[in-house]
Amino acid sequence: MRRRGTAAGSTGALLVLCAAGVLLGPMVAPAQAAEVAYATHCVPPAGIDPVDGTTKVEITAPATAKVGDTVDIGWKFVQAASRNPDIIDLPANSVQPSGVLKAAGAQTADIALQGPRENPAIPKGGNMVLSDMKGSLKLTAAGEVTLTPDAYTVNAMSTDTRCAPKEAVQKAATIRVTAGGGTATATAPPTKSAPPTHSATATATGGTGQTDFPGKEVQVPYACKTPIGDRSATSPVRIDAKKDGGSYALTVRFGKSVMDSPVDIPKDSVKPSMEVVLGGADKGTVHVEGPTNASPVKSGEPIEIPDLTGTYKPGAGGTSTLSPGILTVKALGTTTTCTPTKTEVSLTLDTTGQPGGAAGGTSTSGGSSGTATTGGDNGDSGSGGLAETGAGDHGALKALGLISGTAILLGGAIFTVLPRRRAR
């Protein structure tokens, strides 16, 4: 009898443990990884033909989470759409990818991702080897949040190759988001294609609780009025916004470039500013400006243009667009004014009008602002990532990707604006 009782007790304990294992199993929310492939159109730097290829990526994200969590998301390149052109060998650690992942469903957002500048040496014509990109998303609503790969940029030797989907991209992962404290099971990656995600403009959806709104880097062709004549140049520009109450703190960033100053430039002698152009529901401009150069720049050294900052106070409710506008550079007692010949929207915001806001006029921060317009239509500059100064003898260098930036003539010497890229 004792043996039977012991056996029965052991069996009962085993059943309890097994039941506990069954109950505990679904409570673990493993990370999911799914690979998707999509046709991609890549635009290399000026002088190199566009490339059509296939991008294969693997997206990792948690299967379940709850509202309020900030989840880490990974993007692994299984295959890049473009190869290294047959021009130059790319040295180790000279290539850096960045991209956007579209969140949809219960929450809508553009998730910015970036990888480190880590790669093996890549020979001419060799396959591009890109580092893994990482980003994060703060969950603000319960339900299913789907993740879909979108456009990405490959920065190599200070030039950009921009790649965008040519077709509807399959959803790569789904996060089940609970209201808090609950459990959910992982959802297998779907097999049907998501709606097309070709929109190139970063859009901020005000109802998600999002406060940081990264813009899209756009190529801006400028016509510059200098003290000794007219010049043209193309520079990459991005407008980011951070919501602060009813207003937005704007930061205008210029893309990375590599050029040197041909002359010595003293400390505190360069002052840049820009008029950001509003469109859509709102009208007017927003003045942004950067600090003067904190230290002198010797001839042959690179020049950096700092981030330009200002405050946008919406004057109208609805969908408002922000585009790079007139750039002014004051240096060594002279003023150079660069006006875009075409404008392209970098950021779209869902705004709520504020008393005294920008609609119909200007919104200023810091220095005085103007109401100048760009004089160009919205459109794609189509120039790739290298500056075009109009000099025919620079064609070979542009093709090699060894020059970029904006050349501005001041006095009798060439003054080169060197934009820089900040980590997203």
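**Notebook: strands, salt bridges and cores**

I began at L250, whose bridge partner in β18 is G310. This is a predicted model, where local features need pLDDT of at least 70, side-chain atom pairs count only at pLDDT 80 or more, and totals for chains, interfaces and linings use all residues. Residues are numbered from 1 along each chain as its sequence is written, and side-chain values use heavy atoms, with hydrogens and water left out.

Next I looked up the strands themselves (DSSP runs of E, at least two residues, numbered from the N terminus). Strand β15 (residues 247–254) runs antiparallel to β18, and five bridges join them; two strands pair if DSSP finds at least two bridges between them.

Then I turned to charges. My search of the whole structure gave 12 salt bridges, each a side-chain nitrogen of Lys or Arg within 4 Å of a carboxyl oxygen of Asp or Glu. One of them is R253 with D307, the closest N and O atoms being 2.8 Å apart. R253 lies in β15 and D307 in the loop between β17 (284–289) and β18, so this pair ties together parts that are 54 residues apart in sequence. R253 and D307 are both buried. R238 and D240 meet at 2.7 Å, N to O, and both are buried as well. I noted that R238, D240, R253 and D307 are linked in a network of salt bridges.

K102 and D110 form another salt bridge, at 3.0 Å from N to O, and both residues are buried.

Last, I checked the nonpolar cores, sets of buried Ala, Val, Leu, Ile, Met, Phe, Trp, Tyr and Cys residues joined through side-chain atoms within 4.5 Å. The largest has 37 residues, and I73, W75, L137 and L147 have the most contacts inside it. Strand β8 gives the largest share of this core, five residues. What does L147 touch, leaving aside its neighbours within four places in sequence? I listed its contacts (heavy atoms within 4.5 Å), including A61, I73, L101, K102 and I175. Apart from this core lies another, of 31 residues, among them V218, I265, L322 and L327.

Notes. Helix = DSSP H or I, 4+ residues; strand = E, 2+ residues; numbered from the N terminus. Buried < 20%, exposed > 50% of the residue type's maximum accessible area, 1.4 Å probe, protein only.
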